[in-house]
Amino acid sequence: MVVSRIRSIVFGWEGATTMELVAGKAHIDEPIEGTTPRRFGYDEAARSLLVEWLDGQAQAIPFARLRRSCPCAVCSGELGRPGRFQVDPNLRPGEDELSDIQLVGNYGLKVIWADGHDTGIYRFELLQHLGENGDGD
Ligand SMILES: [Zn+2]
């Protein structure tokens, strides 16, 4: 599914205007079309994070997929230890409820979940990989 009109999304976060992030303006020194976000939003009904890229493409990433793909050591595993969702694939209450997001440098997005988990930094390339595309499959 393609989110063709991210503008119609109501930004509901605290400080929502900061979500109009801003590639090409302040934080992103060398924006790269397609892998630099223009802004983020969220679709409460679809429970998805929305990303509009600099090239105008928009993608939706379901919260559950986003959480299961958390790149932090606890969730993804390290040093031979299994990751959080390899141990138990079920989501617990709050784990896939988005609480806030913050830009990290010019390369990633920190996602804060309702259960307090906030150690995952999603590189823009990962977000793009997780996004649903509109190519029909
Ligand atoms: Zn994590």
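Okay, housekeeping. Residues are numbered from 1 along each chain as its sequence is written. Since the model is predicted, local features need pLDDT of at least 70 and side-chain atom pairs count only at pLDDT 80 or more, while totals for chains, interfaces and linings use all residues.

So, how confident is the predictor? pLDDT is its confidence in each residue, on a scale from 0 to 100. The protein averages 75, and 72% of the residues score at least 70. The stretch to watch is residues 1-29, where pLDDT is below 50. That stretch still has 49 contacts beyond near neighbours in sequence, a contact being two C-beta atoms, placed from the backbone, within 7 Å. Where pLDDT is low, the predicted coordinates should not be read in detail.

When I say helix or strand, I mean DSSP runs numbered from the N terminus: H or I over at least four residues for helices, E over at least two for strands.

Now the core. By nonpolar core I mean buried Ala, Val, Leu, Ile, Met, Phe, Trp, Tyr and Cys residues joined through C-beta atoms within 7 Å. Buried is 20 or more other C-beta atoms within 10 Å of a residue's own, exposed is 12 or fewer, and partly exposed is in between, again with C-beta atoms placed from the backbone. The largest core has 18 residues, and Leu49, Leu50, Val51, Ile61 and Leu127 touch the most other members. β2 gives the largest share, four residues. Leu127, leaving out residues up to four places away in sequence, touches Val51, Ile61, Leu109 and Tyr122.

Two of those names bring us to the sheet, as Leu109 stands opposite Tyr122 in β6. It's an open sheet of three strands, ordered β4-β5-β6, with antiparallel pairing; pairing here takes at least two DSSP bridges between two strands. β4 (98-104) and β6 (121-123) are the edges with a single partner strand each, so one side of each has no neighbour in the sheet. Six bridges join β4 to β5, and three join β5 to β6.

What about the two faces of β5? Leu109, Val111 and Trp113 are on the covered one, and Gly108, Lys110 and Ile112 on the uncovered one. In a regular strand, side chains alternate between the two faces of the sheet.

Most residues other than glycine have a negative phi. Arg47, though, has a positive one near 50°. Arg47 sits in the loop between β1 and β2 and is partly exposed, with 15 other C-beta atoms within 10 Å. Leu79 also has a positive phi near 50°, in the loop between α2 and α3. With 5 C-beta neighbours inside 10 Å, Leu79 counts as exposed.

That's my tour, thanks.

Definitions and conventions: pLDDT is the predictor's confidence in each residue, from 0 to 100.
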